Amino acid sequence: MTELILSLDVLDRKRACAIAESCAPFIDAIKVGYPLVLSTGLTIVEDLAGLALPLIADFKVADIPNTNRLICEAVFSAGFDAVIAHGFVGADAARTCVEVAHNHSGAAYIVAEMSHPGATEFFHDGVAERLARLAVACRADGIIAPATRPERIGRLRKIVGNKAIYSPGVGAQGGDLDTVARLVDGVIVGRSIYEAEGPAAEAERFSRIRR
Ligand code: 3DU
């Protein structure tokens, strides 16, 4: 079974909540990032809490260890269940995110490779592999890997073993749902669901990967 994670990059609180509520039966978690939190504030977490779905803070945390700690403390105090952090800042900084997450019984995922075309500029030539190894060394719960490059997911899987791989880039960015679903633990989908005429119907269609 592969999880379906809704990326709720919607700027309006009411619309975000309505979409989340209608999609809830078909998804396993909701990913919230800067677009929504900067629009509504952290109180959006309280609005979504009633759905009883894990909430993932996609803040791609990338600072010095102390600042990472302060950010992650705020994330988990707000009610999030997981955080996404960058690994290129080094093991000490990434490990801080993992430790704060685990202290709150939460999870932390490290970005190994991003999905957009420009990601190849810096994430290739062995960098993603190093970031995946760093995620393992830091005891992260998993990595983020690109649905737009399934062959890369295969290589990163060899490094992280049975740690979770969550993968954005399906649909709007060109990744193929069924190809990627076979390789990862969770597929992250945003625009293909929330911009659809019927987000719930689209989420239900995507939810075939959960069977
Ligand atoms: O392309 P979509 O609309 O399905 O949204 C994908 C989401 O995942 C979006 O929030 C984006 O910021 C995030 N993401 C990536 O797309 C690629 C990454 O490597 C990491 C996060």
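The dialogue below concerns aromatic rings in this predicted model.

Q: How is a pair of aromatic rings described?
A: One gives the distance between the ring centres and the angle between the planes. In this structure there are three aromatic pairs.

Q: How are the rings of Y34 and F59 arranged, stacked or edge-to-face?
A: Planes under 30 degrees apart count as stacked. The planes of Y34 and F59 stand at 25 degrees, with the ring centres 5.1 Å apart, so this pair is stacked.

Q: Which elements hold Y34 and F59?
A: Y34 belongs to helix α2 (residues 34-40) and F59 to strand β3 (residues 55-61). The pair thus joins distant parts of the chain, 25 residues apart.

Q: How are the rings of F59 and F80 arranged?
A: An angle over 60 degrees counts as edge-to-face. Here the planes meet at 80 degrees and the centres lie 5.9 Å apart, so the pair is edge-to-face. F80 lies in the loop between α4 (65-77) and β4 (82-86), 21 residues from F59 in strand β3. F80 is buried, with a relative accessible area of 4%.

Q: Which residues form one aromatic cluster?
A: The cluster consists of Y34, F59 and F80.

Q: Where does the charged end of R205 sit?
A: The charged end of R205 sits over the ring of F206, 5.5 Å from the centre of that ring.

Definitions and conventions: Residues numbered from 1 in each chain as written. Predicted model: local features only at pLDDT ≥ 70, side-chain atom pairs only at ≥ 80, totals over all residues. Heavy atoms only, no water. Phe/Tyr/Trp six-rings, centres within 6.5 Å; stacked < 30°, edge-to-face > 60°. Helix = DSSP H or I, 4+ residues; strand = E, 2+ residues; numbered from the N terminus. Buried < 20%, exposed > 50% of the residue type's maximum accessible area, 1.4 Å probe, protein only. Lys NZ or Arg CZ within 6 Å of the ring centre and 35° of its normal.
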